[in-house]
Amino acid sequence: MQEPYISLYGQMAYVLTAGPLLLLIPNVLLGVFGFAPTSEIWIRVLGMLVTVLSFYYYALARHGNRQTVGATVAGRLVFCAGLVVFVIIGLAPPALIGFAVAETGLALWTWQEHRQRAGN
């Protein structure tokens, strides 16, 4: 049986926290990060999508194959780079970098676990 990826449980907790907040009370989370309140549906759609991602991270943590777990690291780092670019070009407030930092930390933790398993 494959050992679980503890870092992906951390990722799951992260998205399982952010997703329902964006879905149910988006303006609270938006306000914390310096975004204007919104009544647009898209922030709730994003919240639903992020919540659904928690199911995938749970499955990957418990049963995922190494290639798929490795792909999450690359995808998450690209996402972080995109967040930083949004801030640099003025589309988002600097507080958004907080999401990028948290996500980068979790992705690097997964990468470290992934590398350790490759050496075994």
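**View 1. Helix H4 and its cover in the predicted model.** The buried residues of H4 are covered by elements that include H1, H3 and H5. The model is predicted. Seven names make up the buried set of H4: Val 69, Thr 72, Val 73, Arg 76, Cys 80, Leu 83 and Val 87. H4 counts 23 residues. From first C-alpha to last, H4 reaches 34 Å, close to the 33 Å expected at 1.5 Å a residue. Gly 90 follows H4 and has a positive phi, near 85 degrees.

**View 2. The salt bridge between Arg 76 and Glu 103.** The structure has one salt bridge. Arg 76 pairs with Glu 103, and their closest N and O atoms lie 3.0 Å apart. Arg 76 belongs to helix H4 and Glu 103 to helix H5, so distant parts of the chain, 27 residues apart, are linked. Both partners, Arg 76 and Glu 103, are buried.

**View 3. The centre of the largest pocket.** The largest pocket holds about 700 Å³ of space. It is lined by 27 residues. Closest to the pocket centre are Leu 22, Leu 46, Val 50, Phe 79 and Leu 83. Leu 83 is also among the buried residues of H4.

**View 4. The lining of the largest pocket.** Helices H1 (6-24), H2 (26-32), H3 (42-63), H4 (66-88) and H5 (97-119) each give two or more residues to the lining. H3 contributes the most, with eight residues. By class, the lining of this pocket comprises 21 nonpolar, four polar and two charged residues.

Conventions
Residues numbered from 1 in each chain as written. Predicted model: local features only at pLDDT ≥ 70, side-chain atom pairs only at ≥ 80, totals over all residues. Heavy atoms only, no water. 1 Å grid on protein atoms, 1.4 Å probe; cavity = no way out; pocket = protein on both sides within 12 Å on 5 of 7 lines; lining within 4 Å. Points joined across faces, edges and corners; volume = space filled by probe spheres on them. Helix = DSSP H or I, 4+ residues; strand = E, 2+ residues; numbered from the N terminus. Nonpolar A, V, L, I, M, F, W, Y, C, P; charged D, E, K, R; others polar. Salt bridge = Lys/Arg side-chain N within 4 Å of Asp/Glu carboxyl O. Buried < 20%, exposed > 50% of the residue type's maximum accessible area, 1.4 Å probe, protein only. Expected span 1.5 Å × (residues − 1). Contact = heavy atoms within 4.5 Å.
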